[in-house]
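Here is a short briefing on one protein model. Read it with the sequence and the 3D view side by side.

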Amino acid sequence: MVDTIPRRLLEQAKQRPDRPAYLVKENGVWKSTSWAGYAREVTQAARALIALGFQPGQRVCLLGFNRPEWVILDLAAMTAGGAAAGIYTTSSADEVAYILSHSEAPLVLVENADQAKKVFAKRAELPTLKHVVVMRGPKVDGAMSWDDFMSRGDAVSEKDVLDRVDALKPDESATLIYTSGTTGPPKAVMLSHENLAWTANVLRDLTKIDASGRSLSYLPLSHIAEQMATIHGPITGGASVYFAESIDPKVLVENLKEVRPTLFFGVPRIWEKFHATLDGRMREATGAKAKLVQWARSVGTRASALRAKGEEPTGALALQYALAERLVFSKIKQAIGLDQATVLVSGAAPIAKEVIEFFASIGILIQEIYGQSEDCGPTSFNLAGRTKFGSVGVPLPGVEVKIGDDGEILVKGKNVFLGYFKDEAATRETIDEKGYLHSGDLGRFDDEGFLHITGRKKEIIITAGGKNITPKNIESAVKNHPLVGEAVVIGDRRKYLTMLVTLEPDAAQKVATEKGIRGALHESDAIRAEIQRQLDEVNEKLARVEQVKKFTILPRPFGIDTGELTPTLKIKRSVVARNFASEIESMYAGDKD
């Protein structure tokens, strides 16, 4: 029998039928569903799909925030021999229609009436779409409720479902991941049953997450990283998943404090938010309290440096760390719900080394992971006891990673995808004849075998003088200032570099209150002077051609709804350049330099 995620779910139901598989908060109480109940729901949903005519090899689409129904239908599609394709909740009606049409899905599951409107707005353009199912909320005309959909499964035997599970093949597509796309329309990454099962096994072994584990599902499930954290990983290791009530930071922190996860995965923006809040509070400390925090962070930095190398503090340092943990670190961890976390991960985009160092100084050791949808999420990982801040870790066991002649990171292993759905040309461009995935990222290995990302091939800035510049490190250094939310270097085919900066709203408001600043904060001379000082410090460490000569503070943050950010909060440089073209041109206007 082929080892697949659906088969692992059935095995979990046999091995630990009464243990909690997932939990949802209802009326202020976290209510659990057992592994046996989880397997029954997935089987029933698969029966319903078959009853509606779903054939092996077909796709379904999913449009909604993290909910059990999302995961159940995803697994049901796999179980019935097909695949699911997630759609980001922030997608427009046109973007939703593109994925529905491209995937040729006969069925789409939407979270509520608002998401259903996007589908019905384009329904006439979607001849393959036969069924719309709504997860929750009031009845929507032209759509089935979740309960109605599930009841359709009564007409199909459980044996029909098990037969389909038995017929699954390792090299068949199990899911489609539509890339959020920093440029151009999304491509559909085809991941096989073997891709998912193999990668989930490796991550389970590396994180040692088992049936005692807990995680909080809150990042977009359309992204492979959250699918690994919410679906494939827990089913492989037997851990429980709590579905967050909302992505709102205040609600998320409350959920974290209630769940107290043992594993927490965050994109850099989440860690940066925590960092800005905690750092701000520490800066407010005065007198003896400030000295205590400073001493504790010094101890934490030394202890974390040892733990990153697989060593434990001993002697006086061990005693000091225990005291710092009791007086300072434990209180901080409890305040953000991470006091029981044993695995803390950052991924999906680069994170500044200084942010990781800050958390290490308060006893929170973050393991940065690197990869892409095309290899199921992980290429390399900073392992427990083998971590280097500023790197993205060492290659996963069983994965070959090398650097191409042009500096590109090349990947080969059982986690590498089948190809892009309906796009053989793009597949050939991405996977070479030797089976190496061309990541599009630039990198290097250090003497200890740690991989370092140096930039994106497509994001290299080529100045008017022909100099190649990677903007990532410059931007990360400027973002270390608490006032800076995002920073984007401009300079392609220009004589010199400039930068667009957005403000971190809470930090900017705090400075405004302290200094009595009135009016638009992005026009404040005091705030501009603070950022100029940070930029001057960064420029001192750069070659002349890499130095940023001018910057503009934008009147608003970048947003998903305005197109500058992907749903996983990556910058869409082309959209930024388009949306703020006048601000960019004003930095170069009249210059003869």
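Predicted model: local features only at pLDDT ≥ 70, side-chain atom pairs only at ≥ 80, totals over all residues.

Residues are numbered from 1 along each chain as its sequence is written, and side-chain values use heavy atoms, with hydrogens and water left out.

**Salt bridges**

- The structure holds 34 salt bridges. A salt bridge is a side-chain nitrogen of Lys or Arg within 4 Å of a carboxyl oxygen of Asp or Glu.
- Lys 25 and Glu 258 form a salt bridge with an N to O distance of 2.8 Å. This pair links distant parts of the chain, 233 residues apart. Lys 25 sits in strand β1 (residues 20-26), and Glu 258 sits in helix α10 (residues 249-259).
- Helices (H or I, at least four residues) and strands (E, at least two) are DSSP runs, numbered from the N terminus.
- Lys 25 is buried at 19% relative accessibility. Glu 258 is partly exposed at 37%. Buried means under 20% relative accessible area, exposed means over 50%, and partly exposed lies in between (1.4 Å probe, protein chains only).
- Glu 272 and Arg 269 meet in a salt bridge of 3.0 Å, N to O. They are three residues apart in helix α11 (residues 268-284), so about one helical turn separates them. Glu 272 is buried at 12%, and Arg 269 is buried at 17%.
- Asp 279 and Arg 283 form a salt bridge of 2.8 Å, N to O. They are four residues apart in α11, so about one helical turn separates them. Asp 279 is buried at 9%, whereas Arg 283 is exposed at 59%.
- Salt bridges that share partners join Arg 269, Glu 272, Lys 273, Lys 479, Glu 486 and Glu 504 into one network.

**Two packed helices**

- Two packed helices are described by the angle between their axes and the distance between the axes.
- Helix α8 (residues 193-207) packs with helix α9 (residues 224-237) at about 75°, and their axes are 9 Å apart. Axes are lines fitted to C-alpha atoms, for helices over the stretch in contact, and angles run from 0 to 180 degrees between N-to-C directions.
- α8 and α9 are therefore roughly perpendicular to each other. Angles of 65 to 115 degrees count as roughly perpendicular, under 35 as roughly parallel, over 145 as roughly antiparallel, and the rest as oblique.
- On the α8 side, residues making the contact include Leu 196, Ala 200 and Leu 203. On the α9 side, they include Ile 224, Met 228 and His 232. Contact means heavy atoms within 4.5 Å.

- Which residues of α4 are buried? They are Val 96, Ala 97, Ile 99, Leu 100, His 102 and Ser 103.
- The cover over these buried residues includes β3 (59-63), β4 (83-87), β5 (107-110), α5 (113-120), β8 and β9.
- Tyr 98 also lies in helix α4 (residues 93-103). Tyr 98 is partly exposed at 33% relative accessibility.
- Leaving aside neighbours within four places in sequence, Tyr 98 is in contact with Pro 185 and Pro 186.
- Thr 179 lies in the loop between β8 (173-178) and β9 (188-192). Thr 179 is buried at 18%.
- Not counting residues up to four places away in sequence, Thr 179 touches Pro 186, Lys 187, Val 189 and Glu 374.

**Positive phi angles**

- Most residues other than glycine have a negative phi.
- Glu 104 follows α4 and has a positive phi, near 55°.
- Asn 27 has a positive phi near 55° and is not a glycine. Asn 27 sits in the loop between β1 and β2 (29-34). Asn 27 is exposed at 79%.
- Cys 376 has a positive phi of about 65° although it is not a glycine. Cys 376 is found in the loop between β14 (367-370) and β15 (380-381). Is Cys 376 buried or exposed? Cys 376 is buried, at 0% relative accessibility.
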